Structure formats: C-alpha cells, structure tokens
Amino acid sequence: MKKVLCLIWVGALSFLIISCSEKKQETPTLFQKLKTSHTGISFKNLLKNTPDLNILNYLYYYNGAGVAAADFNNDGFTDIYFTANEGVDHLYLNKGNLQFTEISQKAGIINSNGWTTGVTHVDINNDGLLDIYICKVGNYKHLKGANLLYVNQGNDNDGIPIFTEEAAKYGLDFSGFSTQAAFFDYDLDGDLDLFLLNHSAYPNRTYGKGAKRNQVDAYSGDRLYRNEHGKFVDVSSETKIFQGEIGYGLGIGVSDINNDGFPDIYVGNDFFENDYLYINQKDGTFEEIISKNDRKLGHTTHFSMGNDLADINNDGLTDIVSLDMLPENLETYKTSGLEYPYPTYQNYLRNGYAPQYMQNTLHLNLGNNNFSEIAHLAGVSATEWSWGALLADYDNDGLKDLFVSNGIKGATNDMDFINFIANDNIQQRIEKGMTKEDMTFIDEMPKKKVPNYFFKNQGDLTFKNMSGVWSDQQASYSNGSIYADLDNDGDLDIVVNNVDQEAFVLENRSVSSSDNHFLKIDFEGPENNLFGIGAKVIAYGHNSPISAENFVSRGYLSAVPPELHLGVGKDSVLDSVKVIWPGGKLQTLKKVRTNQKLTFNISKANGNFYKNSEKLTPSILNNTPDFLGFYHKDSPTLEFNRSPLVPFANTNEGPSVSVADTNADGLDDIFISGAKGQASALFVQQPDGSFKSQQTNLFKEDAINEDVSQVFFDADGDGDQDLIIVSAGNEFKTGKTLQPRFYRNQNGQLKKEDEQFAGLSLNASKISAVDFDNDGDKDVVITADQIPHEFGIPPLQYIFKNDGSGSFTDVSETFGKAFQKIGNVKDFVWKDLNGNGFQDLIVVGHWMRITLFYNDGKSLQLQDNSTLKNTNGWWNTIVADDFDNDGDIDFIAGNWGLNSKFKASKSEPITLYSADFDQNGLTDPIVTHFHQSKETPFASKDELAKQLPYLNKEFLSYKDFAQASISDLFSKEKLTKSNQKKVYELQSLFYENDGVGNFNIKQLPTIAQASTIHDIAVDDFDNDGFKDLLIVGNSTEISTQLGRMDASHGIILRNNQKGSFEWLSNQRFNIEGPARSIAKIKVKNNQFYVIGMNNDVPIFLSKKSSK
C-alpha cells in the first residue's frame, strides 16, 4: 500500500506528522473491464439491417445473442462461446490469466448462416465432455436452418476440443423460431431432458384471446423433449406445456420452486401473453399456475425478457427475477409506449390474460407456490430496456446480488417513432417488401445505448444500485451474459455479448479487496448426468443457510458453467455443506474450510433428503373451509372512465366483516357487507357450528347501496345488539344510497328505522360506537373519505350523541368542530391517551397527517403533536394498543407502502393539484411525484391530453412533452393558485409512545411495505405475553401506469419484546387478493379469523391452540 504523509491534530497546541496508510475505499470497484489486447476476445455481434431482414419486418432483430461458459477441453479453465445473430459464432479457449484464443474453426464449429439466438451446453452422450446446443430461427421469410448440436469429440494433440454437428441424430434439429434451451431431468429418471423455448414472430396485435395458448403452433410454440435412451421425443402435449402462437418466449429458468425435489420451469413471454410458471406434478406432467390463478404471483412483467431464479434472502426458497423495459431515465419513460388505460386494460384481463406491467419483477417466494412481487420495494424495478438478469454473490458476502444487461439499438416502443411508422403509406410499403429507400425509416428510431446495472443485496429484501461504483459505466447494447470464475481466484467474473461492440470481459477483484470467503463446488454425477445438473447445495455457517442449484441456462440466451460458487461472508470454516442430488440422495460434509473447491461424487451419497426432511414448524394460522357461502360481488370500477388522471379508485372498499351475538344465544354471528347491487348478509351461528343466513329480505331492500362499514352495539340499553350500516362506493353522489341505516334489535330480529340519520348522505369510510361523554351509553362517529366524484376533496365528518334510547343527535359542530373538516378520513381509533378517563381519538386518512384529538368530555381538542407533524400519507387503517407493555398506548398505521414507483418525503412529496386547468368548468386532479429529483405528473401524455386537450396542441411530440417541466405543462400561476394536498410518508409504521405524549417512529419489517395495508388484527399469536399483528391488504383498482399493489398474502409480525416487530416468514396460511377487513370469531370453542375479501369469498383462518 502506498504511504503518504498525513497531518493529525493533537490537542490545541501542536501537530504531529506521522506516516499512515491511505484509507481503504468503503465500496471498492469490484469489476474492471479488461482490454481486448489482454483477453484476446474481440468478438462483436454485428447487425446490418437489409431490406430482406431488419427491425421493421422481424420484430426481434435487435434482441441480441447469447454466451455460454464451460470447460470444453477439461483443462480446469472456463472457456467462452459467443453466438452471433447473423455472423460467425466464436469459441474462445481459456489459456489462464484471463487470456483466450479463438478456436471455432479449428474446433470444427462453423455457424455463420441464418439467424442465431441462444446457446447452452450439455453432455449429450454422457462421455464427460460438454457439448454445445445452439438455437436458430428457421422457416421465417428467407431464414432457413435448424437448431444445432455440436458434440464434443475430445481434444486434439494441441488440447483443442473438436466438435461434430449431430442435432438430427438426437432428434434436436427443431426448425422454427427458437430462443433458448434448458437441459434438466424433469422426470427424475436419471437422464437430461430438454425444454425448448420458442418465440412467435407474428405481429403482437394479433394475439387475440388467452385461450389461444392451448392451441399448437409448429414454429412458435414451446417444446418439451423427453430423453428416451439418448433420443429426444416431443412430449409437450402430454406434459401439459403450452405451445400456442401467442407465446413470445424470451426467458427460461429452471429451479425446484417448491422444494419437493422435482424441477419446475419459469418462462418469460413478451407482450401480453402470460409468463408461465410450470410446477412439476411429479407424474410426468406440469401445472401452469399463473393461467390457473393469477393471484399466486400477482402481476408479472409485461414485456418479459430474460430471468434468473435463485434464493435472494437465504430462506431456502427460490425467488424469481424477470426483466422488462421500464426506463429509469424520465425522458425515455415519457416518450415510451406505456400501459393501456385502465378501462382498456380490463378488456385484456377479461380475454384471459393475467395482470402484467412494464417493470422488472422480483417475486419473493413465500412457500406453497405463493409469491410477493417486490421489485419496486427492492429497488430493482427500472433498468431501462433490459435483457439478462444474473443473480450471484459478486462480493462473496453470502447474499446474491444482481447484474442486469440492457440497451437496444432501436427503441420500437418510442411513441414518436410509432406515430411516424403507423402512417398508412409507410405500412403498405413495408408489407409489400422493403427497398433500400425504405431503410431510412429505421433511422427515425431512437437508439438506447445505456450502461449495465449492478445491484448489491443489502440483506433486508432491498438492493443498492452500485452501477458506476462496482464498475465503470460504459454505454452499450448488451444482451446475453454469464458469470464464471474465469481466473480461478474465487470470485465471479462477468462476460457480456454486445451488439455492434466488442464483448465485455469484467474481471472481479473482490477477493483482493475484501476479506469475504467463498466455496466452489464441482459435481461427479451418475452415468447419465455426469455434471450433476439439478443438484442443490446448502451451506451452513454462522448466518442463514446459503443454497444454490446447478442449472446452467440462465439470464438471457446464455449458460453458466455446471458448477456452483457460494460467497459465505466471514466464515473461514462452515459447520457443514450438504448436497442433494436429483432423486434425493444426500451427502454432507462437516467442518468445511472455505476458499477452496470441493468435488462431490454421487457414489458417496445415500438416503433420500425429501423423505427424511425435518417436519415443518406448525403454522400459527391455517386456512380452513368457508363457513358461509357468501361471495362478495363488486362491479368493475368506473372511476378511471370518469377521471383518467387519478392514481387509484375509491370504489372497491368492501366488504366489512363484523362479529356479534345478535340473538343472545351465546354464539358469535357474522355480518358481512355487500357491494352495490348485492345485499349485505347476516349469518347466525347454529349450535353445531354451522351458519344460516337470516333476514335476507330486510337487507335486500337496500341492496343498491354499497355497504362498507357497520357497527353492532346496544344503542337503547335493552341488552341486545343493534346495528348501524354505512355506505360508499364513490358512484352515487347523494341520496338514500349514501344514508346511514339504523336497525333496532327486538328479541333477536333487526328492524330498520328510516327516520334515523334522515337527510344525511356521505361516502362513508367507517362507523364506530363509543361512549365519548361517559354518560353510560354508546355514541356514534361516522367518517367519510371523499366527496363523491371529487378526488381528494375532503368531506365532512360526523359525531352523533346517543340519548340512551337509540336516538341520535348530530353534535359535530359542538363536540367535534375541528374534527369535522380534518380531511379524507379512512380510519380512526378511540383510546384514552392522557389518562383523564375519556376516550381520545386518533385519525388517519388520505392526504392527511396522523391526527390526535384529546377528549375532555365536552369536546375534542385537536393536538399539534410535533412528532406527527409531517406524517401526511395515504393511510388506510390504524390500531392502538400497549405493544411494548410499558403501560401507555402505542399505535400502528397501515399506509400505501413502498412497493410502487411512488416515493415521498417532506422535500419531495406526492402532490395533488386540484384546479380547472383547461377552463372547462371542471376540476382536474393533477397528481405529481418526484423522479430523480424532478417533479413530474405520474399520468401519461395520452391520459393527460384526454382530460386536458390543450396539451396535444402545445406539445406536438412525446419528446416535447417529456422535456417540458411541470410549470410548462400547467403554468406556474395555475399550480400556485390550485388547491394542493401533499403526501410525505408512504411507509406503514409503528409509533411508540414515550410516555409523555411523543411518538417515536419504529420501522416495520421490509415485507410490511410490500403492499397497501387495509386492516390489522392485534393478538398474542405466540402466547408470549406481547401483542403481535396480522396484516392484510392489496389494491387492484389502480392506474395502469402504477401497476397493482398485490404482493400481500397476509403477514404475521411477531413482537420481539424489544420494542419492534419481526416477520414470521414460515407460515403457511394464504390471504391472496384484495383483503379489506378482519374479524375474530369463536366457533365451537375454537378461535378463527374471518377476512373480508373484495370480489371473493371470505377467508377463514383457524388459530393454533395455545395448549
């Protein structure tokens, strides 16, 4: 290390000159791009548009090519094979010291005709030599040819491997639109089978209904080939693999998703066809679960490119990264084709497609084939036009990081180009066959040459963007990529195949710049799978177990070596390393030194890991069958038809579930609110634990109402439970459909009294009963979240005093004047916060801060609590209790979350500007947010222009629109004069009471920010004396420019007894879909939770006994 002189201050009187070392960088540059003069790798994937073949007549012309890494001559060094789309493939032999020699012609490989895409490797004949399988496009326009299999014949005298093309011999000479191949043993019969990923070449406007995936297309449909004694036989139909023409397959990944020992498959499809997640049924067939139930994964990538499958959080479950083309650059985003407007988008969903959005996705595996999509939360959602994803531990800290290759020579989704090329005359010329003159059309297409991305895994489900830190940023059109330890120094290097540019060889120097450790693993498998494809390794050290699987086709069009590399952090010795072979045989080594390569041989393995695996820890909650037979039926929202500029609808807010003993028989009954056109329902529990619907005709009278909240309480002091119901839906503006309804209980029968609350109509959010004046009877509070059809405009809130007989008087002006106009209230809770014996009020809602009102028995006093000053959020729910057992009341508030493109802070808020911007007499709601420190409307140009037509006149092109500031779009004067509302906080948070009226913010576990939270149940789930949380949520009526908030499957947060909460991730209950409410009920002395689900049946969860 270079020495320098440093001056160090000693006291106030003197300096001491000493010799010291330069400070070590905290984040050293991990990767250095090596020069061609050193590596000898000069490969370029050159593309030359011609009238016969170009981006305008072959939609995947700019998709790039692949790279495969493996030791083809068995000398201990990893070699590299590059495919060229329309040029000559290159095979480089690794000579050591990151120096390579090009040997393709000497090796007998000459692939220079037609169109080449992906490449992988396999030992096809089980001779211990790796062979090369290459995907081609054939039977398209002038393109001919078939997929190639170069079989390794062994080395010549100079150590050069010699190959012979033998695809036809093995039945692998498919001729169609192939993308990539993956070899693996899907049926566990001991040999390797093949999944062949193909892509459609038809214009994407012709995909029609999703049912077309069940048809078979000879060229575009995917294929699964079973290895039958060395001959590959097409078994696609019998294994239930989709083979339709709407499959635009670009990404393929293989992994044992559900840890049952059988490999599963993830396929990424471009355009509107679903991605496919094939779960191996262990009987020779697969079940594709996204088309069967799109709630298992929630939304996926829309324009799916490459993907990778690996365990990002070391919980033993495989997670899925799939890439798309969401730009991080704001100008690129605004000029790109975005999602269809919400009403149009719903038509595609009705046509049999699952929800998809233009963003990268990170599906966190929760077990039981359920996933939370958390890419926005994780910080990896936007990486420009992306191709290859590689999950691997690049800094050897024990966590898998992410590399993304990206860039495209011509952005076909640029809206200005689309408008240009859509000209009828141009289209006719293209369809007739292009000429040299027509080639100028391509020049109108913008190029997107951008740097690749690196993300460091931070160990908390989030990643830090290290692009430009871990490597120098160089713009490129990068496609296929691999990781491999090319110099055998213990860290993973990266090789990237670029369009019109020399390939990148990135040397990883983490071994020399950190004290983290690694472990490399080779496999000696059975006779028909010598390289151990499908083997899983689990390393046990001081932290969570680290696992990886030996599947080689990864990223995009590419393949990594058939070995595993594990970063293990600071561990110099691991407790044990376990290898599970395909079929379940197990081998374990104890006290394993790191920083070495181990070779596992199946001859030393025995037993069956899957038969002898440890039993699962009992789940605190478990799904049970539905008791009621009630299906909530909410109509499709019309809010985006009325106002395309709102970020989300306020229509699908039910159902609310309440539990009460309505007939005084000692049994809990259930009331569940109905949607518009659907009657609410009362289910009375029978002695045998069953439920019967009662008084159906009574509730049918008001079926037109969309009921969203209700409260049972003894309003008249006669000892039974009366009922008040409130309605909303943001469809009706006024009238009886929005009037609260009072039902008096008379001997177990409810009777409606129309005179109660007569003349009152509001878009209600909640009703609650509380004795706020301590006079012995329950009074009523009714809140509202907006004025109907007026997004963000605050309504009035109401407080009614009970005279003791069930007659209510509006005392809002006298008792709650400040509360009346507090904002867009979503929820509230009553608790005595200051110990004066009166119930105080905590209120949350949209566009408003968390607000406290102290109650002195005479009125509610608004508190200016400094610790809650900048808490303006999109709060949906709040619960209050003594969570730290210190004797005072804390609270937890459920918010929008952090899993969307929206971020908010005091300095960079989300802002609602309400004004008549186009002077047509109507209020326009303009919602903005900050992106890379620039304020911008979230709505697209098309959506804005639909409501504000002047924008199309003032900003003729999308580029002009993209470059305009917010004041250019709406005028600074109008923005200043508009009615403004702000959001500063999107996180759901724990507010801990310090005992003197202040509330300290405590972060909840990251997973709690994965979706909107709509309700929270408080209970001591683990019986340790501290209260835990059950959290539910999700929202789907959201602008398509934002996607969906659908990542929650229900979360238990356990109180750690130290003033915070931790995620119980090993639970097996499932609350998928939009959950709205939670109620606790006892049935035959057993505890259950009832979850009210929007547009679905309620979910019942049984609680594990405390015995």
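## The second largest cavity

In this predicted model, the second largest cavity has a volume of about 210 Å³. Here a cavity is a set of points on a 1 Å grid over the protein atoms alone, where a 1.4 Å probe fits but cannot get out. Points are joined across faces, edges and corners, and the volume is the space filled by probe spheres set on them.

Twenty residues line this space (lining means an atom within 4 Å of a point), and Leu366, His1049, Gly1050, Trp1063 and Gln1067 are the closest to its centre. Strands S24 (361–367), S25 (370–373) and S70 (1051–1055) each give two or more lining residues; strands are DSSP runs of E, at least two residues, numbered from the N terminus. Because domain 1 (126–411 + 446–481) and domain 3 (638–653 + 730–902 + 984–1103) both contribute, this cavity lies between them. The domain bounds come from an automatic or database domain assignment.

## The largest cavity

Now for the largest cavity, which holds about 380 Å³ of space. Its lining has 34 residues, with Lys400, Tyr483, Ala548, Leu564 and His565 closest to the centre. Strands S21 (307–310), S26 (386–392), S30 (478–484), S35 (546–549) and S38 (564–569) each supply at least two of the lining residues.

Which domains flank the largest cavity? Domain 1 (126–411 + 446–481) and domain 2 (523–608) both give residues to its lining, so it lies between them.

## Reading the numbers

Residues are numbered from 1 along each chain as its sequence is written. Local features need pLDDT of at least 70, side-chain atom pairs count only at pLDDT 80 or more, and totals for chains, interfaces and linings use all residues, while side-chain values use heavy atoms, leaving out hydrogens and water.

Key. On a 1 Å grid over the protein atoms alone, a cavity is a set of points where a 1.4 Å probe fits but cannot get out, and a pocket is an open set with protein on both sides within 12 Å along at least five of seven lines; lining residues have an atom within 4 Å of a point. Helices (H or I, at least four residues) and strands (E, at least two) are DSSP runs, numbered from the N terminus.
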